[in-house]
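User: I am new to reading protein models, and I would like to go through this one with you step by step. Could we look at the side chains and then at the sheet?

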Amino acid sequence: MTTSIRHIAKLAGTSVSSVSRVLNNSGYASPELRDRVEAAIRALNYTPSKGARMLRGAPSRMIGLMLPSIDVPFFGILAHAIEQELFQRGYQTLICSTAENIDHEARYMSMLLAQRVDGVIVASAFGSIEHFEVLREAHIPMVAIDRELSGIADDAVMADHEEGGRLMARHLIDLGHRSIAIVGAPAHSQPVQLRLQGISAEMAKHGIAPAVVTMAEEHSFAATYPLARDLLAAHPEITAIIGTSDISAIAAIHAVQDRGFSVPGDYSVIGFDDLPEAAYVFPRLTTVAQPIRDVGQRAAQRLETLIAEHHAGHEPRLGAVVKVPVTLIQRDSTGPVRG
């Protein structure tokens, strides 16, 4: 029977990925682990072929990019920024659109392993991290983007979503608004939850709370428009609407106008992202701008550093979270409270 690294891993009482690190001298392996693996190699008289060693050790120059959806404008811009930055650095990008489906995420994990990617940039749609363990066990460097992936990703690069929520609420409060509704999607999104925390914290400082919070499960105009339409009918006291994204805010503008009211004369509306559409909608959308391209470029640059550290055999370390500042962009969709 031909001896394989699985036999070595079983005898040494460790994982296949740990045996691979020792054989290829890539990534960190403790002296005690190295001794166990080398002892198992000697006991089994294992000799890897030169071709197999070269195949395992050669960088693929491929990076996996996993996003919840690339038909959402924000993620489309983000994917383009990352792909271009990686291309300039000599990498090819495998873009995986998970449709915000946890099973899709897990299946893409297996695909990226089979493609021998050098690293992964991921924006997981969920808080669950179990299916990412396979990348960690294979010692593939990983950077989380637009949200944290605590306990798995080496680093995270994201906009300061909570501060963005504070800026949205503060702007409306400064204009005299006290009856403020929130409409957005998706409810399970970590960035959206952080924005909601910032909004609630800022409003609480002024002794008020959101009049209503209504969230869709899908991030789209079609999903958030009926929510905005219904809250306008059910809550005539509202004077302002916060969209947790520009798409949600644009849906709210349409809902207001379709009911025969005006923005900002009857209702002020504010969004988050500063997508190109924000400057084209009428009235032009007041929004909190997150530097989407900068976030993507920083994530790509950070991943390249992690890959270099990995190939140099540096010991794994605790990840760092980089929060990129956000900025209020005041346009035409917000104004003083009516009456």
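User: Over the ring of which residue does the charged end of Arg 195 sit?

Analyst: A word of care comes before the reply, since this is a predicted model. A charge counts as sitting over a ring if CZ of Arg is within 6 Å of the ring centre and within 35 degrees of the ring normal. The charged end of Arg 195 is placed 3.9 Å from the centre of such a ring, and that ring belongs to Phe 272.

User: Over the face of which residue does Arg 61 lie?

Analyst: Arg 61 is found at 3.9 Å from a ring centre, and the ring whose face it lies over is that of Tyr 91.
The cut-off to bear in mind is that CZ of Arg is within 6 Å of the ring centre. The residue asked for is therefore Tyr 91.

User: Are the rings of Phe 221 and Tyr 225 stacked or edge-to-face?

Analyst: The count of aromatic pairs comes to 3. In the pair made by Phe 221 and Tyr 225, the ring centres are 5.8 Å apart and the planes meet at 15 degrees. Planes under 30 degrees apart count as stacked, whereas those over 60 count as edge-to-face. With an angle of 15 degrees, the rings of Phe 221 and Tyr 225 are therefore stacked.

User: Which of the two, Phe 221 or Tyr 225, counts as buried?

Analyst: Both residues belong to helix H10 (residues 221-234), where they are 4 residues apart, or about one helical turn. Buried means under 20% relative accessible area. Phe 221 has 34% relative accessibility and so counts as partly exposed, while the value of 19% makes the buried residue Tyr 225.

User: What is the angle between the planes of Phe 261 and Tyr 267?

Analyst: Phe 261 is partly exposed at 35% relative accessibility, whereas Tyr 267 is buried at 5%. Their rings form an aromatic pair with a distance of 5.7 Å from centre to centre, and the pair is edge-to-face, with an angle between the planes of 85 degrees.

User: How many residues apart in sequence are the parts that Arg 166 and Glu 202 tie together?

Analyst: The structure holds 13 salt bridges, and one of them joins the side chains of Arg 166 and Glu 202, at 3.7 Å from N to O. Arg 166 belongs to helix H8 (residues 161-174) and Glu 202 to helix H9 (residues 190-205), so the parts they tie together are separated in sequence by 36 residues.

User: Which residues are linked with Arg 166 and Glu 202 in a network of salt bridges?

Analyst: Arg 166 is partly exposed, with 23% relative accessibility, whereas Glu 202 is buried at 2%. The network of salt bridges that includes this pair also links Arg 170 and Lys 205.

User: Which strands stand at the edges of the open sheet?

Analyst: The open sheet is formed by 6 strands with parallel pairing, in the order E2-E1-E3-E4-E5-E11. A strand at the edge has a single partner strand, so one of its sides is left without a neighbour in the sheet, and this holds for strand E2 (92-97) and strand E11 (320-324).

User: Which residue in E2 is the bridge partner of Met 66?

Analyst: Strand E1 (residues 62-67) runs parallel to E2, and 6 bridges join the two. Met 66 has its bridge partner in E2, and that partner is Cys 96.

How values were computed. Residues are numbered from 1 along each chain as its sequence is written. This is a predicted model: local features need pLDDT of at least 70, side-chain atom pairs count only at pLDDT 80 or more; totals for chains, interfaces and linings use all residues. Side-chain values use heavy atoms; hydrogens and water are left out. Rings of Phe, Tyr and Trp (its six-membered ring) pair if their centres lie within 6.5 Å; planes under 30 degrees apart count as stacked, over 60 as edge-to-face and the rest as tilted. Buried means under 20% relative accessible area, exposed over 50%, partly exposed in between (1.4 Å probe, protein chains only). Two strands pair if DSSP finds at least two bridges between them. A salt bridge is a side-chain nitrogen of Lys or Arg within 4 Å of a carboxyl oxygen of Asp or Glu.
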